[in-house]
Every structure is written in structure tokens, then in C-alpha cells.
Amino acid sequence: MKEKWISSVMAGIFIAMGAMVYLSIPNTIVASLFFSTGILLVLNLHNMLLTRVWPMTVYNGSYRLSDSVIAWVGNGIGTILVAVLIHFTRFEKGILEKIEGIGKTKLSDDPASLIILGVFCAMFVAFAVFVGGVKQKNGSFAQIFYVWLFITAFVFCGFEHIIADMYYLSVYILNFGALPMDVAKVLICVTVGNLIGGGFVGYAVRKLEEHQQ
């Protein structure tokens with residue numbers, strides 16, 4: 001159990017690191033290309049990221065339902081930890097303009113939009129998990145390419161990833177504040193969307209493989 005919590009917190013830290021890289025690069029296209037550094041760390045170290053754990057749970061039962069709960073909480077702790085630490089550095093000042101825009105957009109969005117964008121995001125991440133993380137050797141060119149391709153796609157489209165959102169909103173709250181209900185709306189709706197999208201891909205991949213056998 002202790003190892004699962006550590007793995008989950010580390011996954012949140014890695015996603016926050018990828019988000020920091022994204023926020024540091026002025027050009028949106030280039031920034032999207034580099035967000036995937038966080039996901040690559042998660043996949044190569046087999047960390048318990050919610051959007052990795054849940055599709056694998058549906059796919060082959062390698063994780064339990066309780067693991068997704070641990071992942072969600074642990075991932076959140078990791079992102080909050082990073083947000084709090086950088087709050088006391090000069091780095092934060094360089095990302096606040098982007099954070100303000102991102103935070104306002106997410107907090108003012110309607111539930112249906114958040115859920116649907118969460119579904120598409122999780123589908124891209126699940127494809128990265130199965131095509132890049134499961135079927136390719138860790139550290140291989142093929143793994144790096146597929147993960148980079150799928151993750152860059154969802155980031156550039158502006159789809160909603162619950163763990164990245166936890167980081168963005170943590171930084172936003174520390175600097176601009178936010179209504180608890182608005183924050184809860186984002187966290188709940190994006191989580192629901194991510195679970196639907198990731199679960200769908202995990203189920204579809206399992207059924208396709210069963211049909212091919």
C-alpha cells in the first residue's frame with residue numbers, strides 16, 4: 001500500500017513537471033510538444049497515474065478499483081506539492097499570465113464541455129498507454145514517438161486532463177483565488193470524462209484482442 005501511495009504522488013509530480021515545461025514555452029505548438037515529458041516519466045517508471053491505472057483496470061484487471069482512488073488522491077497531492085514549492089520561487093512569476101488564462105477558462109466552462117473534453121483527453125492518453133507504454137519497449141524510439149504523438153495531440157487541442165488540471169488550478173488558487181464550487185465542478189466533471197474515455201479505450205482494446213485470438 002505504501003508503495004502505491006508513493007507511486008501515485010510521484011506520478012502527480014511528473015505531470016506537474018510536464019505542465020511546468022508547457023507553461024514555460026511561449027509558443028503553443030512547441031509547448032505542446034514538450035508536455036509529454038511528464039507522461040514518458042510515468043510510463044517508463046510504471047507510476048500510478050489515474051489515466052494510466054483506470055484503462056489498465058478495465059483492460060486486464062492489473063489494477064483494482066481502489067487503486068484508481070489512491071491514484072486520484074496521490075496524483076493530486078503530488079501536483080499540489082509542486083505548486084506550493086514553486087510558489088516560493090521566481091519560476092512562478094514567469095507562468096502566471098498563462099495560468100490566469102487557463103484557470104479562468106476552466107473555471108468558467110460548463111459541465112458538459114468539461115466532461116466531453118475529458119473524454120477525448122483520456123482516449124488519447126489511453127492510446128499512449130496501450131500503443132506506447134504496453135506494446136513498445138521502454139525507452140525505445142517507437143515508444144517515445146507514439147507517446148509524444150498522442151499526448152501532444154490532446155494538449156494542443158486543449159482537452160482536459162484531471163491531473164494536469166489539479167496542477168493548473170493549484171497554482172491559480174494560490175495566486176488568484178477561486179470559488180470552491182467552481183473548483184469542485186472542474187475536478188468532478190473532468191474526472192468523470194477521463195474515466196469514461198479511458199474506460200472505453202481499455203474495454204475496446206480488450207474486446208479487439210479477444211476477437212483476434
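Residues are numbered from 1 along each chain as its sequence is written. In this predicted model, local features need pLDDT of at least 70 and side-chain atom pairs count only at pLDDT 80 or more, while totals for chains, interfaces and linings use all residues, and side-chain values use heavy atoms, with hydrogens and water left out.

Salt bridges come first. Side chains of opposite charge can pair when their charged atoms come close. Here a salt bridge is a side-chain nitrogen of Lys or Arg within 4 Å of a carboxyl oxygen of Asp or Glu. By this rule there are six salt bridges. One of them joins D67 to K4, with the closest N and O atoms 2.8 Å apart. This pair links distant parts of the chain. D67 sits in helix α4 and K4 in helix α1 (residues 2-24), 63 residues apart. Helices (H or I, at least four residues) and strands (E, at least two) are DSSP runs, numbered from the N terminus. D67 counts as buried because its relative accessibility is 2%. K4 is partly exposed, with a relative accessible area of 24%.

A second salt bridge pairs D165 with K106. The closest N and O atoms are again listed at 2.8 Å. This pair also links distant parts of the chain: D165 lies in helix α8 and K106 in helix α5, 59 residues apart. D165 has 1% relative accessibility, so D165 counts as buried. K106 has 8%, so K106 is buried as well.

The side chains of E210 and K207 meet at 3.6 Å, N to O. These residues are three apart in helix α9 (residues 180-212), so about one helical turn separates E210 and K207. E210 is partly exposed because its relative accessibility is 41%. K207 is partly exposed too, at 37%. Elsewhere, salt bridges that share partners join K106, E160 and D165 into one network.

The next feature is open space. Rolling a probe the size of a water molecule over the atoms shows where empty space is left. The search uses a 1 Å grid over the protein atoms alone. A pocket is an open set of points with protein on both sides within 12 Å along at least five of seven lines, whereas a cavity is a set of points where a 1.4 Å probe fits but cannot get out. Grid points are joined across faces, edges and corners, and a volume is the space filled by probe spheres set on the points. The largest pocket holds about 260 Å³ of space. It is lined by 14 residues, and the closest to its centre are Y22, K106, G158, F159 and Y168. Lining residues have an atom within 4 Å of a point. Helices α5 (96-108), α7 (141-157) and α8 (162-176) each supply at least two residues of the lining. By class, the lining has eight nonpolar, three polar and three charged residues. Ala, Val, Leu, Ile, Met, Phe, Trp, Tyr, Cys and Pro count as nonpolar, Asp, Glu, Lys and Arg as charged, and the others, Gly among them, as polar.

The surface carries a nonpolar patch. M1, W5, V69, V73 and I77 make this patch, which covers about 450 Å². Patches are made of residues with over 30% relative accessible area and no salt bridge; like charges are joined within 9 Å, and nonpolar side chains (Val, Leu, Ile, Met, Phe, Trp, Tyr) within 5 Å. Accessible areas come from the Shrake-Rupley method with a 1.4 Å probe, and for residues only the protein chains shown count as cover. Helix α4 (residues 65-86) gives the most to the patch, with three residues. V69 lies in helix α4. V69 counts as exposed because its relative accessibility is 51%. M1 belongs to the segment before α1. M1 is exposed, with a relative accessible area of 59%.

H46 is found between α2 (28-45) and α3 (50-60). Most residues other than glycine have a negative phi. In H46, phi is near 55 degrees, a positive value. H46 counts as partly exposed, at 44% relative accessibility.

Definitions and conventions
Buried means under 20% relative accessible area, exposed over 50%, partly exposed in between (1.4 Å probe, protein chains only).
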